[in-house]
Structures are given as C-alpha cells and as structure tokens.
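Welcome! Here is a short tour for anyone meeting this structure for the first time. Have a look at the sequence and the 3D view, and then read on.

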Number of protein chains: 6
Amino acid sequence: MKKVVTVGEILLRLSTEMGRRLSQTDKLYMHYGGAETNVGISLAEFGHDVYVISKVPNNPLGIAVERYLRSYRVHTNYLLKGGERLGTYYLETGVGQRSAQVIYDRKNSSFANLEKEEVPIREILHNTDLLHITGITPALSKSLRELTLSTLKSAKEHNVLTSFDFNYRAKLWSQKEAGEVIKYLLPYVDICSCGELDAIHLLGIKSNVSLSKKDRLIYYYKKIEEMYPNIKCFYSTFRDVTSASTNTLQGNLYVNGELYQSKVYEIDHIVDRVGGGDAFSSGILHGLLENLEPKQIVSFATAASVLKHTVHGDGNPFSKEEIFAFANNGSSKISR
Amino acid sequence: MKKVVTVGEILLRLSTEMGRRLSQTDKLYMHYGGAETNVGISLAEFGHDVYVISKVPNNPLGIAVERYLRSYRVHTNYLLKGGERLGTYYLETGVGQRSAQVIYDRKNSSFANLEKEEVPIREILHNTDLLHITGITPALSKSLRELTLSTLKSAKEHNVLTSFDFNYRAKLWSQKEAGEVIKYLLPYVDICSCGELDAIHLLGIKSNVSLSKKDRLIYYYKKIEEMYPNIKCFYSTFRDVTSASTNTLQGNLYVNGELYQSKVYEIDHIVDRVGGGDAFSSGILHGLLENLEPKQIVSFATAASVLKHTVHGDGNPFSKEEIFAFANNGSSKISR
Amino acid sequence: MKKVVTVGEILLRLSTEMGRRLSQTDKLYMHYGGAETNVGISLAEFGHDVYVISKVPNNPLGIAVERYLRSYRVHTNYLLKGGERLGTYYLETGVGQRSAQVIYDRKNSSFANLEKEEVPIREILHNTDLLHITGITPALSKSLRELTLSTLKSAKEHNVLTSFDFNYRAKLWSQKEAGEVIKYLLPYVDICSCGELDAIHLLGIKSNVSLSKKDRLIYYYKKIEEMYPNIKCFYSTFRDVTSASTNTLQGNLYVNGELYQSKVYEIDHIVDRVGGGDAFSSGILHGLLENLEPKQIVSFATAASVLKHTVHGDGNPFSKEEIFAFANNGSSKISR
Amino acid sequence: MKKVVTVGEILLRLSTEMGRRLSQTDKLYMHYGGAETNVGISLAEFGHDVYVISKVPNNPLGIAVERYLRSYRVHTNYLLKGGERLGTYYLETGVGQRSAQVIYDRKNSSFANLEKEEVPIREILHNTDLLHITGITPALSKSLRELTLSTLKSAKEHNVLTSFDFNYRAKLWSQKEAGEVIKYLLPYVDICSCGELDAIHLLGIKSNVSLSKKDRLIYYYKKIEEMYPNIKCFYSTFRDVTSASTNTLQGNLYVNGELYQSKVYEIDHIVDRVGGGDAFSSGILHGLLENLEPKQIVSFATAASVLKHTVHGDGNPFSKEEIFAFANNGSSKISR
Amino acid sequence: MKKVVTVGEILLRLSTEMGRRLSQTDKLYMHYGGAETNVGISLAEFGHDVYVISKVPNNPLGIAVERYLRSYRVHTNYLLKGGERLGTYYLETGVGQRSAQVIYDRKNSSFANLEKEEVPIREILHNTDLLHITGITPALSKSLRELTLSTLKSAKEHNVLTSFDFNYRAKLWSQKEAGEVIKYLLPYVDICSCGELDAIHLLGIKSNVSLSKKDRLIYYYKKIEEMYPNIKCFYSTFRDVTSASTNTLQGNLYVNGELYQSKVYEIDHIVDRVGGGDAFSSGILHGLLENLEPKQIVSFATAASVLKHTVHGDGNPFSKEEIFAFANNGSSKISR
Amino acid sequence: MKKVVTVGEILLRLSTEMGRRLSQTDKLYMHYGGAETNVGISLAEFGHDVYVISKVPNNPLGIAVERYLRSYRVHTNYLLKGGERLGTYYLETGVGQRSAQVIYDRKNSSFANLEKEEVPIREILHNTDLLHITGITPALSKSLRELTLSTLKSAKEHNVLTSFDFNYRAKLWSQKEAGEVIKYLLPYVDICSCGELDAIHLLGIKSNVSLSKKDRLIYYYKKIEEMYPNIKCFYSTFRDVTSASTNTLQGNLYVNGELYQSKVYEIDHIVDRVGGGDAFSSGILHGLLENLEPKQIVSFATAASVLKHTVHGDGNPFSKEEIFAFANNGSSKISR
C-alpha cells in the first residue's frame, strides 16, 4: 500500500435532525470532517498509510478529532495541537424540496492561523507517494496560501504525486481571488478535480454552449491541459439535484485525452451528502495509486460516492470490497 | 404592515414518530396549532401585527400555547385563559403507502365552550385590516357559530377585509349542517377558500364533469360569485396524493374572473403536511394585503406551502425572503 | 374463527437506526420475530386462535418474547422455557442504494436445540384447523428436521390443513441440503409458498426462459403439482427491488390450475421490510381459512404486505378491516 | 392460584422527561395505569388469574390498553370497548426539591360514563376469590358509586373476599363527599387500606396526637374496627418525603389486633413513584391470598413497593422470586 | 409592575448529556442564556416589563435567541442584529464526583464587538425602574467597559435604581483587571452582589479569618459600604459543593446594616445548576422592586434558586406563586 | 513510557437505559469492554504503549472493537480476526435499591475458542515491560487456561513484570475450579489483585473474623505472600454498596509488608460502575510502572476509579492530569 499525505482543516459540523430548522431545534448532532481529511480517512480504510497535516485546539474537541482519525487508521503524528478554537459550522439539514443551509463559524480557528514554520514539510514528504490538497486550504488565510504553494512545490521536488481539488467555496473567497491563487498552484499539480463552472469562472475559459454536457467537459479539460501540460488527469462528477433527498450522479475521469464515465446513479432517500464528493475523490485516487483501468476507477469512485450518501458523517466507512461489490451488482436486497 | 385578527381553536397535537402506530408507541411528540392560528403565525412571521382570538386552559398547556405564539411575534392580548381543557388530537403519522390517522379528543375544550360575550369584538376590530376565520370554528359549537357570524358582520361594519376558508372536517359536522351554516356566513366574506367538493356538497352546485379540472374550478368559482357577489377572490390548491410521503401541489387564485395558477410542485419525502394548507392561505392573504400581482401571489403562496411540508410543526417558520427565493429558483443545493 | 398452530424459532433482532452502520452505532433497536411467529401474530390479530410451538431461554429475553406474543393474542401454552440462549441477529438497516445486512448470531439457541420429545404434538394438533411451518425450522438442526417431518405427518393424520413456506436462507443451509429435506416434507403439504428460484435450485425443475415471468410461475407450479398432487394451492410474490427504500410488489395465488394476481404496488419510503413476506402469507392463509374468493385473497394478502412495510417490527399490526379498506381504495389522505 | 377481579379506570399517563417542565417540553412518555389495574397486573405477575372490569374507547388507545394488560397475563374479557375517550393525565415529573405535578384531563372518559347495566357482575364474580376496588372508582361518577356498592354487596353474597383501598384524591372529590360514600361501602369490606388522614378527615375519628406515629395508627385501626367489625385487616405505609427523589418507606399490616411493620427503607434515586402504593397493595393481597405469615406479608409487600420505585411505568414488573430475594438480602451488587 | 433593563451577552450553551464526556459524545443540547438575560427572563416571568440590551448575529441562531426571549415575555426592541457570531460555550455536564467543565468559544462575538454608539442609552432608560448588569459585560471588551460605565452613570442621572453583580470569571480576566474596572463602577451602584472572595481579591479588603462565615460576610459588607456609601444593599449565597449533584444553598441579604439569611437547603439530584445564581438575583431584585420584607425577600430568592436547579436551561421558568408555595412548605409530594 | 501487553476477551455489552428492565425495553446501548482491555485502554490513555492480545469475529462488530481500541491509542497488531461470534452480555442497569443484572451470552465466542498456537507469544513479549491478565481468561476454556499459564511462564523467562487480577466470576466457574487453576498461575505472578473472599474461598486461607477489615486484609496478604513469595505487591478495594447508585470506595495497596490506603470516597449518582475496578487496576499498574510512592499510587488509582463511575462505558477516559487534579482537590465546582 502507499503513503499518502493530506493538508486541510478539520471542522466540527453541528447538524440539526431532519425536519427541524436550526432556529427551532434544541439538539445538534456532531460530526468531524474536512474535504482533505475525508479523503484521507477513506484512503486509510482502503489500506493506505495516511498522514493528515492539520491543527486542532488542545481541548476536548481536539481530543475527539484525534480519536476519530485514529479509529479510522489515520496517522496523527502531524495533527498539531494548539491555537484558539476548532473551526465550526452549523448545518440545517435539508430534506425534500428544502435544501441544506450552512452557517459557517470557522474564523480564527487553530488551522486557519497555522504558520508554515510549524509544519516540517520535508520530513513529512519523505517516501510519500501522494499528496492531496484542495482549494479550501488556501482560501482560509494568507499563511495557508503560502503553505499550500510551498508544499506542492516541495512535493514535486520529492517526486511525490500531487492531487488538487478546486473545491471552490463562495462563502470563503471570491471567484477572482480563487482564480488568481489557483493559477499559481496548478503548475505543480498532477491530478486535478474541477468542473465546468471552475473552468469558466476561475480559469477564465470561454464557455462553449453548443456542445453536449459531456463534450463540454472534454473541451474544458483539453483547454486546461494546454495551459498546464503537467496535469496528467482530471476528474469530476455530474450531479443533478432533483431535491435535497434525490440526486443523480455520474462520475467522470479524463486521462490520456479520453473521458471515461460511470453509469448514472439515481440516488434517493439521501441520508447525508456531505463528504459525497470526497468519497468520489478517494475512489479516483485509490484507483490511480493502484494502477487500475480508467473505466474501473471511475466506476469504483462513483460507487463509493453513492454509498457515502446512505450514511451519516463526513467520512466514507465502506471497504474496497463493499464498494466493488456494489459497483458490480448494486443489489439492494437483504442478504440473509 | 397590517393588523390581522384570527379566531380559532388551538389544539395540542400528539404525534407518533414515523413508522410507529399509536397502539405501539410509548412516546408522543407535541405540537400546538389550529387552522386559523397557523395562518396567524405565518402572517406574523411575514411582518404583520397579528392578534389571535382564542381560549386555553389556565394550566401549563395553556402557558405553553402562549409562549409558542409569542415566540412567533403573535399578540396574545385576546388569548383568554380558563375553561376545562385544551382540545387535543392524536396523529398516527403516515408514511409511504400508509396514510396518517387522526383521533380527535377535542370535545369540551376551553375554546369550544367560549361564549360570545367573553370576546370584546368591537374593541378588537378597531383599526384591523384583515379578519381570518375558517369553517372549523363554527363547527365546534352553537355558541361559536354565533360568534363567527357576529364577528364577520361586525368586521364588515368596520370596513375590515374578511377571509373565510371552508376547511370542511367530516369528523366535526355533516355536509348538510356545514352547508347551512356557511351559507349564512358567505354574504360577509371578501376572500374565500374552497374547492370542488365544497362547491358540490356544501353549496349544492351541480358538478360539471365534462370540463377539465382547471375549467371546473373556474366554473364553480363563477357560480359562487353569482350567488355571493361580495366575494372578491377565491383560492385553493390541487393536491394529488401519490402516497403519504409524495404529493403534487398546485396553487389556484381566482380574481377578477380569471384563474391564476402556480407551477406544479412534486413534493417528496414529506416531513409533516399538517399546516400545509394554512401556509398556502397565509401566502395568499399576505399577497393580497401587500397588493402583489395575482401571478406572484399564487406563486409565493404555493412555495410557502411546499416549504412547510419539509418541517415538523403546524406553523410555517419560513421568512418572506426565503419563500421568494425558493419560488424563484427552488434550488435544493447546499449553499456553502 | 379457526385454531392455528405454528412451529418456528423466535429471534431477537438488533437493528441499527437508519443511516448508521453497525460498526458506527452505539444504540440498537430490539424486535422479536421469526417467519412462522410473524404469521401467527397476524392471524391472531385477524381473530384466529393461534398457538406457537417454540422455545426460549428462561431469562428476561424469554419473558419479553412471551409478553410480546400475548399482547397480540397469541397463546403461549406451547412456548417452552429453557436452553442456552435466544437466537439473535444484527440488522444493519438499509436505506436508498444501500441494502440491509444481516449478521446471524443464532447458533446454539434454545429452539435450535429443541428435541422432538419436548413437544406434545398430538395434544397440540387436536382440533387444529391449520398448521404453518417454513423451511427455516428444518434448516436449523437435525432434530428440528425430524420434528418438522413428524409434525407434518401427524397433522395429516389429524386432518389438519398444512401450510409450508420454502423460505430458503442461504446462510443456513445449501440449496442441495434444503432440496433433499424439503422433498421429504412436500408429500404432507396442502398449501405451499415457493418461487421460481426455489423450483429451479431446490426442486431441480428446468427453467423455462422463453416464457414471461407470469407464465414461468404457472409453469413451475404445474410441474410441482405434478410431482406432489397433494398440494392444493401455491402462492408467492413478485418483488422488484429498485432500492432498499423503494420496491414494487405483486402477489400471486395459484389455485385449481389458475394464477390470480394482485395489482402491482409501488412501495416507497419503506420503513421496515422484515416480515413483509410473512404478512403476505398470513393474508393468504386467512383468506383460505375463511374461504374467500382467490382474487380477493391475493388482493387482501398483498395489501397486508404493503402496509407491513410502513411500520417497524416483524409482526403485522393491521386489522382485517384496515387491510380491506387499504386494498379497496388505498388512499393516503389524512382522515380528519 | 386464585381468581381475582378488579374494577377501575385505566388512564393514559403522559409524562415529561426528567428536568423538563410540561410547558417546556415537546415530547411526552406514555404509560397506562390505574390504581386497581396496577394491583391486577402485579397479582397476575405473581401467578393469579386476574380479570379487570373497565372500559376503554374503541380506538388505538383502547387497543394499546388491551395489549398492555394481556402482555402481563391479565384477562381482558371484561374490558369493555366504547364510549368517548380514554381518561388522560399529564405528569410533570418531579426531581430533587421539585415535586411532581398532575394535571388531570379525565372527565367524560369511557369508564367514567360506564353504566352498572353494562357489567355482568354475577357472572364475573362466579368462583372469584378476591375483589379489589379503590376509592377512585366511586369518586368518578354517580353511576360508578352505584356500581361500586352493588359489586361489593354482590361479592359478599358470593363469599368473595373484598378489598378496598381509600385512595383519596383531593382533585376528584371533597373529603366530605368521599367520607359519606365510603361509609356506605365499608360494611362490605374485608381488607382495608387507609391511613391516619383518612381516619381523621373521611371517617371523622378524633386525632390522638399524644401517641407515637405507630401507636396512633393502631389506635385508628382499632376505632375503625369497632365501627366496621367486618373488616379483618388493615394496611398502609409510612412514607417520609425528603425530596421527589428520596423517600423513606415502611409498611404496616394490622391483623388480629396487632400491627406488623416492615423495616424502614431509604429509597433514593427514585425513577417513578407512580404505582408505588399499588405495588404495596398487591404484595399484601398476595400474601393474604397465600396465607403467609403477617410479618412475611408486610416484608414482601414493602419490598415490592421499593422495587417499583426503580422502574418507569405504573405496573410492578417484578416476580415473586425477585421480590422475596430483595426482601431477604436487598443486595445492590451486580451479579455476574 | 416595573420597567427593568439589562445589558449583557447571550450565549449558546452546548451541553453533553449526563454521563458523557465532550470528547465522547455525538450529540449536544442547546440552551441560550447569559447572566443578565437570565435575570431578565425571570423578572419578566414575575410580571415586570423587561428590556434586554444585547446583540446577536443576523442568522438562525440570532432568530432563535429572539424567539426564546419573546416566549418569556422579554421585550426585544433593543436586541440588536449583526456582527460576526453568537458567543458559544461547551459544557461537559458534571455528575456525582465529577465537576462540570466549561470550554469557552466566545471571542469575537457580536456582543463583544458592540460599540457604545449602537445603543440609544438615554432613550432606553426613560421611565426605567431598574438597571441590572454584571461583571461579565465589562470583562468582554474595552468598548463594553465604556458602555457599562456610561450606562450606570446615565442610569443614576435618570434616577434609575442600579444593580451590579460582580460575577467574576477567571477565564475572562484577571482579578487585578477586574478589581480596577469594578472600582470605577461601584460609585454608581445601588444594589450589589458579591461574596467573600470578591471582597478580598477584587477589592483588596483584608480577610478576617477569626470570624464565623456569617460574621465575615457582615464584616466585608460593612467595609464595602464604607468605601461606597451609595450602595444600599448587598446579597450573595453560601453554597457548599458536596458533589456536582449535591449542594447546600443559603441566601444572604444585607440591608440597613443587618444580614438576613434564608434557611439552608440541601439540594440533591441537581439537574442543571447553570443559572442558579441568576435565579437568586432575580428573586432579590423582585423583592426589592416590590418592597417586600428583607426576610421574605431572601427566602423567596433562595427558593427560586433551589427550584432552578431542578430544570434544564439557564432561565428560571417558575412563577411567583410557585416559588412562594415552595418557599412556604417546600413539599415534594405529588399533588393529585 | 512502557510497553504493556494484556490478554483477554472483549465483549459487547448491551445495556438498558436507566429505569427500564430488559424485558420492557426496545432499545439497547452498546459498549465494548473486558477486564484486561479496560486496563489496557486506561494505560494507553496514560501514555504507555499497549498491545491487546484478543480475538474478535471478522464482521462489523469485530471492526467496531478494532476502531474503539485504536481510538484510545491501543495497538491492534495482535487483535486476531476470525471465529464464530463476539461474546455478548446484557446488562439490566441498576438504579437506587435495584441492583444491576447481568445475563451472559458469551459461550462459543471467537476468543473462548482461541488456540494457544494462534498467538506468537515470544514475539509479543519481546521488550515488554508488563503483562496483565485476569482470572476471567482461564475461566473461559481449557485452551485459554493453557494460554494463560504459558504466557505467564514465558513472561517470567523474558523478565517481563506480570500482573494478575483474580476477578472471580461465579457465573463462569466454581470456586473450586478457579482455586485449582489460579494456584498453578500464582508462582509466575509479581503483582496480584485479590480480596478477602478470594483468599478464603479460592486459596483456602482460614478467615480471621476477630480482626478489623483492614487488619484482616493485611493478614490474608501476608498469608499469600508466604505461599507465593514471588508476589511483590497486592492491591484491592473496599467497596460498600449502599445502593446501586451510592457506594463508598477505598483503595488498598500492600507492598513491602505494609498496607497503604486511600481516603474513603462516597460515590453517589453512579452513572456506570462497570470498569470501575479495572480503572483502579490501571491506576495501580501505572503507579508501579512509574515508580511512584505507594501512598501516591493508591491515591491516584482510587481517584481514577471514582471518576470512572461518572461516565458511561467500560474504559476510563480520564487523563493522568485530570486524575491527579481530582485526587488532590476533588472539587466539583464548575470551572468557568
């Protein structure tokens, strides 16, 4: 198995129970997660050696994060302790026609205030096979932008495969800001996750409305490939949101000039879609690390994402075997 | 904003949790509500000055009702205290193919025994813009029939706009009884909510099966308009019940001889449809009070009703802004 | 009403709440049930005199089983007390695209170790109208195979109507083992529940893929009828599993050479499908005991099964009246 | 074992969870119970054949009562179905320094409106060993006063042992009313439960403050014995209420001119004291039915009552064996 | 009744359930409260016209605070909306030998950043009878120190009675800082709550260990009175903490040179002691506003505090009548 | 820090909620634990490198055990996967006067069937500082008796400190059996936990009733020391069980011929006493590993045990720092 490193914030999510608004509830459910860490947990569950670079306060919430990561086999050697607080957000859980609402309360967190000097990047990257990072980290602070850039650079110097997911969050930064920063990062990226809106609004590529959805994606990926020939593969999902409880999902993986697509899943009775995208990313990264066939990779990754929608929590608790079995026959019968 | 007065009973609803029958459960969830009060809460949430005329016992349940109303900005100056008991009903929550069941235990309630003399109608109606009342109130007792009639009459004398919703409940009175009483009330009504079955069975209008559903509704409204030319507008919804969890909903508003319809919503994963009709009424009344365009009113009201189905409780906790946003783009994506 | 006897294990089911995996939860919900007992409970609820032959440990779980049965009018005279333990299984509740998982922990249970001599078969069968047993009982132990065979034989000697449901469970025995045992039992069976896979894999009948699903079923039933002319009627359901939360269901009843089918139900928002098949069986058996028309029987039985999917627990808590009402109009409107 | 008959109302108790006031909660816990029925359940659990005379509405709550009784082996042959509603009360659970509050909502219940003619008293009393009734039943309506009196008379004609518990409830009738009615009943009573306040305020016996608590009780019992020489034994408890969670309890049994007392229990961490007195009564009645020694009876009955305080619900779910074991060594160690 | 104004932060409290550590739980209970607001709620419940000066974010948590206050009759005219976030703290609920732990996450809250200019002090104080404020407010920011001082000064100019509670919180500021600030405030205070440790460590009064606890308190109050002759009365409680679940409590009120003490309560089975001190303060302030006798005031206030310990939440939900009844007989018997 | 190895079964505990009997509940709470593992978790929490030798089934319950251990820093390298089932027991939680009841369902578990050959003892013991094992392990099967003996012997060969806790369980084996086996083990033990009853009934030492409790313990320890001079120290607790919710606890540590005792704690409002003894053992073992003073060790260990009683679950989640702080001042005040 491979050594994987992720850099990213771990937040406390405080969710309402289904059918209650945040202003009406007196009970909140706790989950810990963050885009990069969710990927790390899933890769650890698949058997890889995963190290998370992050920072949490030295209080019971920090302890809880540490226990959560360790329970999923994630190494916590580089989970720093200190700083002011754990970044938090409230999730008013959506259902049916009502979408979920996120209220961020993440400013001034231990991770947002992390300084580049606190992280022994070279030591960590030694013998590492894959580095994964997303656009949320550089969105959080100036210091984290520097950390992101220098980590990616350092990774390339150590021959570490680098993975970057745009993960644009409008509540964290403007499209303009994000685009400028990401353009500095992309020259050091091998594997890239982005979609049509990212291409248009962050990278400034002209939209091409005359094409089909699939062909448009190929068109954008080719354009980005021209700009950053270092990028070896792209991935993303097509998600149609019928309601907060019903979506369709199709995975896309672009490699060697060709787009591979999974079948289209109709996902209904969604339990929790937070982390659904990260489950897809982990599937792609696992497939690439294991040198699986592109068709198989995108099928595995999409199945992983679909299953994630059926459980509470940010991390994907399914094993490789369960995901392959689901990808292959997807039966929903009781086995007894 | 406007001054609004409602007259109606507030009941304690005791509901089972989903998937449990009343005979199998050992836990009940409490909600307070009533057709007129639900409208009042929603109008208060939209910013109007709402006064509820009702009566609750002088015990902890009465206190709970009072706190509930006040928390939603409803004025409780005319919420009388006294009498025997709070009207109650048990709701065996429906799900999928199984419909909800209501077991009423509302006889002899403080409100049902309310005497006309206890209510200072003229004082209350002073400066009032809108009076809202439904067919449930006169169904409860002889004394309340008198109160209903004299309040409507008094409202017309004070130039108060009057709104009446048929709200026929077969468990409370027969169609014959209801029809007779309502015919006395309609001459004092400006805004009227009723549907095809009300027209046929309560008002004795001949059904006209050769027409489409939409044209039939126009036909009935024209007939009623002929009988009661004082009525300035009619409204109602078309609801198709696929299952207890899946409905379609379309709003209708008839004004100046024309029927305005909202788009048809597919509502799935219904959390609680009690109060869904009242949410629609409040949307219509708000739109009329604010002199919005008929098309906009029915769109706003239907959106309000759809959103109500996604939360537990009788009252509609959504703001005007949230409802307009939903009516306009209805996205169910997470905003983050 | 009729006297009915069932023989079978009663298990403790320990289920996770929706959206939690077994490895992630700290809370389990308890239900008691077993294929034959579920049928017994439903028949008792329909008004029959039902006696359950089973064995539970002499501890609080055994007491709980006893109280549960008695609460549904089932006679516990032949519910033996003793032995090692109550058979148990864990159910990781499925939802949406994720199917339920069963983890059996039922070995060495009080019932599995039941000896033929402990049961006064002749005494019990006295005046009995119907004996119901399923393939799970002989799958559990050698001693229970003997008990099954001798009980069926004894029943035929006492002119008791006998009902046998294949209920094949791959986790309990192989198709080969099951087929061999069941072939010994079928000569004593009057009413038989089995499906296409049973016919092919357990009885060795050649599949006939050129026919439609319906015609294939007729074909298999005719074949079995030829082998065991004592069997007077067959029944089964067609179930399509769209997801763990959405199924379609159609009931089949084959009698006097003709196949009667219910309408096809789309079941959505499934609460708990465990016991759904047993609810169908009880509907069929009730109809046969009451000499209803075949068309009416299969309609009643399918309606019973559909309703069962809307409540937690193995037993079907609906009354005859409720099931008939649902079969006839199936409305999901709130009645109020 | 013996045949026992009780007459009394079964109520739905709706309790708040600990630490929440009724005006603050949105969840209620359901228990069914009533003074006489609680005694019946416990006697059935001890092995007696118990028949409950009562009436519940023909709705899901009535079904729930029936299932509850049957689960505890109580015969429901004389549990009538019909009438308006199930008597209900709200219990704001007490804890520490705050006492529990009862809000009755029991008027116009099916039982309160029960007519003497509906009950086939002579048929029921055939072969009965013991009739148990309390002062709550005659407090509910004129018709029930007649039923109480005629049942007691009828019992004496059939040589049935009669048991009467004063059970005075100030919220149901005045001391004067209660005293007058009870004086008519006592001539037909063999076993009587009452205390000092009953003797003074209901029977008008002069208090005798110069004596110790124990000697006062003997004094009152002797006085009542003089007035009603038919009464063969008296029983009651001394309860000191330190707080809603901490009480002391001592049982008293007066028979053949002598007072037998249990040891004094310090009861702490009280879970639910509703039904604590009825558990004591059942212990006394069981001991008398089984002709145990007075000392043993009062010890058994008090132990039964103490154990009842440790479980939710009105009925006492402990077996004879458990109660004797507790009475004898009372250990609170884990047994493992 | 009187007009009362309070100034203070309202926090979201996130508590674990009993017996779970914060690092182990996945569920938190929400309560809103703050020292000054808790007093305001209780005074509103006693019938006074209460206005809370505070600031909450313009998001669902801010709405929840507003609804909570209104439900308890508190006026929200001066509850400002805006700023960054709602101050939050985590409470690891204590039980038995384990004390509760508070983890503050309140920095940068909307209230902490409130500027003096946002509050129309003179308008608010018009016709006000009492202003209540505690040491927490000036501890939060420089701007709030100025607001506190200018509000107190302004109150004295308007002849408003002023109440100040030291409420020293070591996690917010040092004793030195607190002492310096409070010395500036005390010249404008009429009613003062402080205890021995405040006198020694904040005001620098020499301790006097030779005296009894009671006499020491008198000694400190006399000393402070000499320093600030404007202070008309002092109050505080003696609390002995046997365990997190068992405390003793005695109230002290010093007025006209004399110390009045309540009886000593043994409080056991504590449900939630947060807000217990504020309940005491509200009792004192109510008594002073109503010109009750000192003995009666301290008895009422201590009873209020004891009752608060028996319910979850910061605010005291008991009415005057309930508190007087408890103060007078304190019975913990069920009333039925 | 030190390397520690434990050998023992990990069970699934299924507990009722407080105030519900097992026969009455429909919900069970899950905890994982076992005497040796509980000690291991606590030592890992104190900072030691702990390896657990055990075996769990290869199913979701086995995965849950693994995650639980890892979350508390325990190494799972020697947690074998395989076998039939996870040993289970039901705990009817005690409260007040009612003691907890244990119903074992642990036969035929993966661990009970563990064969000596599956465990690479020599590899594991390499560089180990301490081996901890209790009497439960040899009680489970013949094969485990051999494993226990050979592991202890092997440990002595490797100069590993050995710790043995009698932990006699009457439901697992007779005193005679236990005594015979333990006598074979003691010659290889350095640290021994046993009490008076163990000495009398398992080792056959004559009781000496004339002495005080403390002196009797010294007497027994001296006697055992004479029999097994290899044992370097003994420890145990004195526990008085007032009720299931109230105990007193005092720790004893006998070393170099002297008995050191902690203060006596009154433990009230007990949340969960399962694992309380193991928490004490871990405190003792930690103190010995760290060469603390005997007085300090017993104080630390007893404080650890007391704190354990305040949280749900078998493992002790408190840090060294928290335990020392509690041992030193034990305050139950809120810190804020």
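## Where chain F meets chain D

Putting chain F and chain D together buries about 2100 Å², and carbon and sulfur atoms give 55% of that area. Please keep in mind that this is a predicted model. On the side of chain F, 25 residues take part in the contact, while chain D brings 21 residues.

One salt bridge is counted between chain F and chain D. You can find it where the side chain of Arg21(F) meets that of Glu322(D), with 2.6 Å from N to O. The largest share, three residues, comes from strand 7 of chain F.

## How chains F and D are related

Turn chain F by 120° with a shift of 0.0 Å along the axis, and it can be laid on chain D with an RMSD of 0.0 Å. This is the relation of a three-fold axis. The residue of chain F that comes closest to the rotation axis is His269(F), with its C-alpha at 4.5 Å.

Do the two copies meet through the same or different surfaces? Only 8% of the interface residues of chain F are also interface residues in chain D, so the surfaces are different.

## How chains E and A are related

Chain E and chain A make another pair to look at. A rotation of 180°, with 0.0 Å of shift along its axis, superposes chain E on chain A with an RMSD of 0.0 Å. The two copies are therefore related as by a two-fold rotation axis. In chain E, the C-alpha of Leu28(E) is the nearest to that axis, 2.6 Å from it. Here the same surface serves both copies, as 100% of the contact residues of chain E recur in chain A.

## A covered strand in chain B

Now move to strand 1 of chain B, residues 3-7, where five of the five residues are buried.

Key. Residues are numbered from 1 along each chain as its sequence is written. Chains are lettered from A and ligands numbered from 1 in the order in which they are written. This is a predicted model: local features need pLDDT of at least 70, side-chain atom pairs count only at pLDDT 80 or more; totals for chains, interfaces and linings use all residues. Side-chain values use heavy atoms; hydrogens and water are left out. Copies are superposed by least squares on the C-alpha atoms of residues with pLDDT of at least 70 in both. Contact means heavy atoms within 4.5 Å. Buried means under 20% relative accessible area, exposed over 50%, partly exposed in between (1.4 Å probe, protein chains only). Helices (H or I, at least four residues) and strands (E, at least two) are DSSP runs, numbered from the N terminus. Buried area is the accessible area (1.4 Å probe) that two parts lose on being put together, summed over both. A salt bridge is a side-chain nitrogen of Lys or Arg within 4 Å of a carboxyl oxygen of Asp or Glu.
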